[in-house]
Each structure stands twice: as C-alpha cells, then as structure tokens.
Amino acid sequence: MFKITTASTSSAVRTGMLSLPNRQAIKTPHYLAVASRGAVPHLTQDNVTKHTSICGAYMAVEDFVEKGTPILKYNPPDGSSRLRAYTATPDDHVLVLGARRSPPVPSPGASTDSQMSIMTAFGFTKLQDSTFRSLTTSLNPDIIVGLGDIPYGYYKVSYKKIDKITNRTAKWMQAHVDERTKTKKEQGAVLPLLYAPLLPISADSQRYYIDHLEDMAQDIQGLALYNTITLEDLPEQLMALPRLGLTEPNNPRAVLQDVSQGIDVLTLPFLSAITDAGVALDFRFPVSGPIPEKPSPLGVDMWDTKHATDVSPLRKDCPCYACTNHHRAFLQHLLSAKEMLAWVLLQIHNHQIMDEFFAGIRESIGRGTLDQDIADFERFYEPELPESNGRGPRLRGYQFKSEGPNERKRNSAPFTVYKANPDKVAQKGSVPVPGPDAVAEDLEKVGFAEKVD
C-alpha cells in the first residue's frame, strides 16, 4: 500500500507513493483536505472534481454523531461505503476517518477507560470506545485513525498523566485490533486500513504503548502523529509505515518543518482558515529569483480596496479556475458584497497553490536540496500568513467552544430586515421611510437616511 521512493541518508525526509485499490495514488509528501461535516468548506463535490486536484479528505466521527445518527440510516443501494455515499465524496478520493476534527474544539471533562469527551453539532457528549469502533466499521472509510487519548491543547503533562493516557490508548488499540481480527474471521470482509495514533510526546515516554504497537505490527498499516517529537527514537519496525500528520501546522514554514522530520501526509487546517479570512495565497517553493531585501508576504488580502480596479489574476501565471476566469477586482467586489462565490474562488485558488507547493517539495527532496530550499524560502517570505482586514463567512456553533451565557455572536449577519429592527433606521430630517413603490429619482432628490451603528 505504501512504497518509499526516495529516502535521505542524513535525515528522516522521504518521498513515497500511497496506493489504495480504486483510489488515486497519493505522491508523498502531500496533504489531505480537511472536511467539515463531510464537505470541503466552500466547495460542492462537483467543484472539487472539476476545479481542484484534491485527492483525499480527512473527516471526523464527531461530525456525524447526532441525534439518531442519521448517517447510519442511509444504506447505499450498491453496497458501497456509507460515508462516501452519504457525503457524495468522489469515488477515487481517499477517505480518512478519525475521532476528532482537525483542529478539534477542546472538550470539558477527562476521558475514562471506556469513553472520551467530544464536541458535536448538538453540544458536548461522551463517545464510547466501543461506539467508535462500531461507527468506523459501519461508515467504512479507506483509512481509520484509531482512538487515542490525545491531550489536545497542551503537550506538557505530568508523568502520572502520561501513564494514564498511554495505558488507555494501548487498551483502545488492542480492543480495536482484536475486534477487526474477529470480524475478518467471521465475515471475511475487507476492512479499512488502521492507523495507530501516537501520543504527542517522545517515543521513550510512551515506550509501553510503542512496545504494544510492535507486537501488533501486522495489524496496523500506518501511524498518525500529533507531534513530530514522537518520530525521535521510533523503532525501525514502525519507521517504514506511512505517517499521517495531525500536527496542525499554521503556516507553510511549519509544513516544511514537519515534512523535513518525516511526515508523509498532512492535514492543513490553516488552508480553509486563510480562505475564510479572504486571503489569496501567493508563494512558490522552491523560490525563484534573488532574495528580496524585505521578505515578501505569503498572500494577498483581497478585502483591501486597492484591488477594486485591479484586473490582474490573484497570482500571475496561476492555472486555477479563479485566476483564468476572474480577476482581483471581481473577487474584491464579491467579498464586499458578502457573496459566497468569493470564498469558493479563493478556496479553489488556495488549494492550487498548496498543490504546487507540495509538488515543489517532492522535487526538492528528489534533488537532495530540501534543506537549502527551505532556508531560501524562509529568507524570501514572511514567517506568518497575512492578517485579514475583513470579516469571514458566518461561523457555526460546533466550530468553536462556547464561553457561556450572553455570548456575543461570531461574525454576525451583515444585513438585517427593517421590520424586525425599525429602531435602527434613523431618518434624515423628515424624510419618510421609502415604501415598495418608491422611485429612485425621487429618493435621490430628498436624500437618504443615515446608518446608525
């Protein structure tokens, strides 16, 4: 399923090919799109197929744990993957399913030996380890990330805490492997690949769990990592397995660091976040041309009104649908009007930039120049992604942790209905509120009401 094509003798970096039956082969290093409730944000499935090169997606069980779990009531007529059919994911895309989103919303309450706390669209709840195993079997993705007691939000934990989460994760993995073995014997079914989660601590600190994984080496097909520190001193028997990075890098520099330490496939939550912010990515790897005196930005804030009359593409020579069919002025207008099409075009463009970025990484590894190319990239571009001056699309409740009662709205609606808020309309002089039969010329003569914040 996974073949290493280029391996460095002086570092952990490598290129490879992840091949699953009837799916697109993924040349690594590469990335997976991060889905929200089964869909890539801002993109319908037909646009994913037509206008992007996305080859796989990461989904989370907590997105589908709802009242009555409606996804389990859907039975594809052809007997195919319930998850793939329910989310209308293209047939050749690789589907990876884990317990938590990337990044997850922090959940209150500690895990126990039989359950962990998750955040769903209906609030916080407890996910039983047996329920997780049952769901992953029923949903039938291509790859399952095993249940792990990951201390999200912090990596420095006490020795007592380390022992608890290590033992708990080992227990969950052993139960998952035992159940899969039983299912194979009884039903002879072809089950999804199982990736073992590694805790975000050093391999030595979780040696008890690592030893268990070595004993189960024939039953796991990959590793899921939450911190690259885990790769240090990892046993040779596990080193050849494909590595899925759930490290949540927040900019291209962090991506390069993860790749240089041996991650094969990554999830990139910042990609949709930067699209939400109205920023069009604009960088290349490796860099071309002389290093500028002042580092160049990694993207362009399309909220800036200076783009209102700019008919150039988002990035020169970009082959994406947005750049070949539209220009900056149109995109700036769409953002100003809060049109959803703005974020659709930005998402298409930003995925194209990341596709080219990873293609450049693979070529650099093949040439053996990755370290120098990373150094040049860090000198050429600013370290952080640009900040946005605008306001992104509406946020949904399950995307952030509630702060309590009387909480202010996140990205409140930009428009309101007059009849619902008549006191917010201030009249200028004695000018009456226009009715449905008002004529534009008459309104211009008498003037308009002033906006009240």
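This is a predicted model: local features need pLDDT of at least 70, side-chain atom pairs count only at pLDDT 80 or more; totals for chains, interfaces and linings use all residues.
**View 1. Residues annotated as a binding site in the UniProt record.** The unreviewed UniProt entry carries the annotation "binding site" for Cys-318, Cys-320, Cys-323 and His-349. Although these residues span 32 residues in sequence, no two of their C-alpha atoms are more than 8.3 Å apart, so they gather at one spot.

View 2. Cys-320 sits in the loop that links strand E15 (299-301) with helix H9 (321-325), and because its relative accessibility is 2%, below the 20% cut-off, Cys-320 counts as buried. When neighbours within four places in sequence are set aside, Cys-320 is in contact with Ile-348, His-349 and Gln-352. His-349, at 0% relative accessibility, likewise counts as buried. Leaving out residues up to four places away in sequence, His-349 touches Cys-318, Cys-320 and Cys-323 among others, including Ala-280, Leu-281, Leu-314, Arg-315 and Ala-322.

**View 3. Strand E11 and the strands on either side in pairing.** Strand E11, formed by residues 222-225, is covered on both faces, with Gly-222 and Ala-224 buried on one side and Leu-223 and Leu-225 buried on the other. In a regular strand, side chains alternate between the two faces of the sheet. Strand E10 (residues 193-198) pairs with E11 in the parallel sense over 4 bridges, and within this pairing Pro-197 stands opposite Ala-224. E11 also runs parallel to strand E12 (residues 243-245), to which 3 bridges join it, and here Leu-225 stands opposite Gly-245. Together with helix H5 (residues 207-215), E10 and E11 make a right-handed β-α-β unit.

View 4. Across the whole structure, a search finds 11 aromatic pairs. The rings of Phe-357 and Phe-358 have centres 5.7 Å apart and planes at 85°, which is over the 60 degrees required, so this pair is edge-to-face; both Phe-357 and Phe-358 are buried. For Phe-377 and Tyr-381 the ring centres are 4.9 Å apart and the planes are at 50°, so that pair is tilted. Phe-377 is buried, with a relative accessible area of 1%, and Tyr-381 counts as buried at 7% relative accessibility. These four residues belong to one aromatic cluster that also includes Tyr-31, Phe-283, Phe-285 and Phe-380.

Methods
Residues are numbered from 1 along each chain as its sequence is written. Side-chain values use heavy atoms; hydrogens and water are left out. Buried means under 20% relative accessible area, exposed over 50%, partly exposed in between (1.4 Å probe, protein chains only). Two strands pair if DSSP finds at least two bridges between them. A crossover is right-handed if, with the strands pointing away from the viewer, the path from the first strand over the helix to the second runs clockwise. UniProt positions are given in the numbering used here, feature names are shortened, and annotations may be inferred rather than shown by experiment. Contact means heavy atoms within 4.5 Å. Rings of Phe, Tyr and Trp (its six-membered ring) pair if their centres lie within 6.5 Å; planes under 30 degrees apart count as stacked, over 60 as edge-to-face and the rest as tilted.
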